[in-house]
Amino acid sequence: MAEQRKISFIGAPDTNPEVKPYWDACNESRLTLRKCGGCGKVHYYPRGICPFCFSTDGNWINASGKGKIYSFSVMERASPPFTMAYVTLEEGVTMMTNIIDTDFSKIKIGQDVKVVFLDSDTGQKVPMFTPV
Amino acid sequence: MSLKGKAYIAGAFEHPTRKAPDKSVAQLHAECAAGALADAGLTKDDVDGYFCAGDAPGMGPLSMVDYMNLKVRHVDATDVGGSSYLMLVSHAAEAIAAGRCNVALITLAGRPRSEGQATGTAARAGNPAQPDMMFEYPYSPTVVNMYAMCAQRHMYEFGTTSEQLAWIKVAASTHAQYNPHAMLRDVVTVEDVVNSPMVSTPLHRLDCCVISDGGGALLVVKPEIAKALKRPLVKVIGNGESPKGQMGGMVDLTYSGARYSGKMAFDEAGVKPTDMKYASIYDSFTITVLMQLEDLGFAEKGQGGKFVQDGNLISGVGKLPFNTDGGGLCNNHPANRGGITKVIEAVRQLRGEAHPKVQVPNCNLALAHGTGGSLGTRHGSATLIMERE
């Protein structure tokens, strides 16, 4: 198990109503997504307007928190090393994240992962993924 | 309206410096401008259009037009990272075709080496208003780990190997040995590349471009002006541009915007990839080159690894001589934006002014392509096709 790097958060969800519900849910250890009431599609990162049909009739849904690694890279040059990844969620969207709490040398594309929430430097919890 | 033949590249200059702690960024821009004007046989007073991108200090064209004391009637500051300068050539051609200017000056300069920017290994904090920032910055996306994820996925989908990627660096280094200004002039082997320290899997140190100070400038002019000058005629015959991003979460790292910009440029020019005698391909990393070669149509999707191996990109050896100045991998990546040097070396090839050891015989058709921003998140693509008349 590798040492966890410091997580720096940027931005102020409290003054950003478009995405505040997402970050508030993270603080309750829930991963949420935006689902469009117009075209029915789920998108990521969350927006107040659907990037597929421009409908503003969107809703927050709870994600299962399960997904598969789409791609990854172990940043060996960093100290401590960490693993950058894209994870494709069961709901169909792919999100940038880190893979944590595992032997980085054994990570594979296609591997099943589940969400976990880590504290960042501002206290805001951030979703990351670990192998199932 | 087609832009084919509506503009010529009459001046091109690459600043010889690779480390400039004693010069300002504005000064480097101006020295590049002076170099391109001297190359073309034009003067500062002939310039009536000015084009720059995000590397220009201050308020872009306002600061630089004032610093150089230009009297222009058209400016453009489209910023799409390293691909900006290829796109600006097209925008200059548009402006010339529309009668908005006759002599368009494009400049780039920067000092990331002197300023000690850890370009590839540290996440860059941006403006919190950037809509993706909160959803990416906490994960520490860097230039290199985002391109590395493209390489990882390419290897997974198509069986591409580190050794195949290494051939791209081998070709660049083979060319760089003849460039006295290149930062890295030692010829390297596939083994050297794959045995160099891992930066971010699967990219090694020698899969990455250099960090250099410097700059470059181009002069794009209307046909009548180009024909009155004493330089070989380099005509812009194909233009294409495209942004690509994460598509609302439908991320696909297997292709770049070159798929669209390349097709637009080839269609406008009325030529095909196999007609190209030379190609400048953006080489921030080896994987950047491989993906662009596929997306531009030089190789089938997934076959880029086979295409680049065994020296196929080496001038005098392979079918597609590329980056004969040594490219960003060995020569120069000024301001962390390699787009302008891609156009400059293509112009040298078309004029017959590349180093004799790497000059492509009878080089009458060349392509230059750039990727700007990050291939792993959102990037700009710009393609130019040029013909020697």
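Two rings of Phe, Tyr or Trp (the six-membered ring in the case of Trp) are taken as a pair if their centres lie within 6.5 Å, and the planes count as stacked under 30 degrees apart, edge-to-face over 60 and tilted for the rest. Over all chains, the structure holds 10 such aromatic pairs. This is a predicted model, where local features need pLDDT of at least 70, side-chain atom pairs count only at pLDDT 80 or more, and totals for chains, interfaces and linings use all residues. Residues are numbered from 1 along each chain as its sequence is written, chains are lettered from A and ligands numbered from 1 in the order in which they are written, and side-chain values use heavy atoms, with hydrogens and water left out.

One of the pairs joins A:Phe9 and A:Trp23: the ring centres are 4.8 Å apart and the planes stand at 80 degrees, so the pair is edge-to-face. It ties together distant parts of the chain, as A:Phe9 sits in the segment before helix H1 (20-27) of chain A and A:Trp23, 14 residues apart from it, sits in helix H1 of chain A. Helices here are DSSP runs (H or I) of at least four residues and strands are runs (E) of at least two, numbered from the N terminus. Both A:Phe9 and A:Trp23 are buried, where buried means under 20% relative accessible area, exposed over 50% and partly exposed in between, using a 1.4 Å probe and protein chains only.

A further pair is formed by A:Tyr44 and B:Phe135, with ring centres 6.0 Å apart and planes at 85 degrees, so this one is edge-to-face. This pair crosses between chains, running from A:Tyr44 in the loop between strand E2 (42-43) and strand E3 (58-62) of chain A to B:Phe135 in helix H4 (residues 133-136) of chain B. A:Tyr44 counts as buried at 5% relative accessibility, and B:Phe135 counts as buried at 2%. Ring pairs gather A:Phe9, A:Tyr22, A:Trp23, A:Tyr44, A:Tyr45 and B:Phe135 into a cluster.

Over in chain B, helix H9 (residues 258-269) packs against helix H10 (residues 286-296) at an angle of about 45 degrees, with axes 8 Å apart. H9(B) and H10(B) are therefore oblique to each other. The contact (heavy atoms within 4.5 Å) brings B:Ala258, B:Arg259, B:Gly262 and B:Phe266 of H9(B) up against B:Gln292, B:Asp295 and B:Leu296 of H10(B). Axes are lines fitted to C-alpha atoms, for helices over the stretch in contact, with angles from 0 to 180 degrees between N-to-C directions; under 35 degrees counts as roughly parallel, over 145 as roughly antiparallel, 65 to 115 as roughly perpendicular and the rest as oblique.

Helix H10 of chain B also holds B:Thr288, a buried residue with a relative accessible area of 0%. Not counting residues up to four places away in sequence, B:Thr288 touches B:Tyr147, B:Tyr282, B:Thr371 and B:Leu375.

B:Phe322 belongs to the loop between helix H11 (304-308) and helix H12 (327-331) of chain B, and is buried with a relative accessible area of 0%. Its C-alpha atom is separated by 6.8 Å from that of B:Ile281, 41 residues apart along the chain. Beyond four places in sequence, B:Phe322 touches several residues, including B:Ile168, B:His175, B:Tyr278, B:Ile281 and B:Leu313.

Finally, B:Arg351 is found in helix H13 (residues 339-351) of chain B and is buried, with a relative accessible area of 11%.
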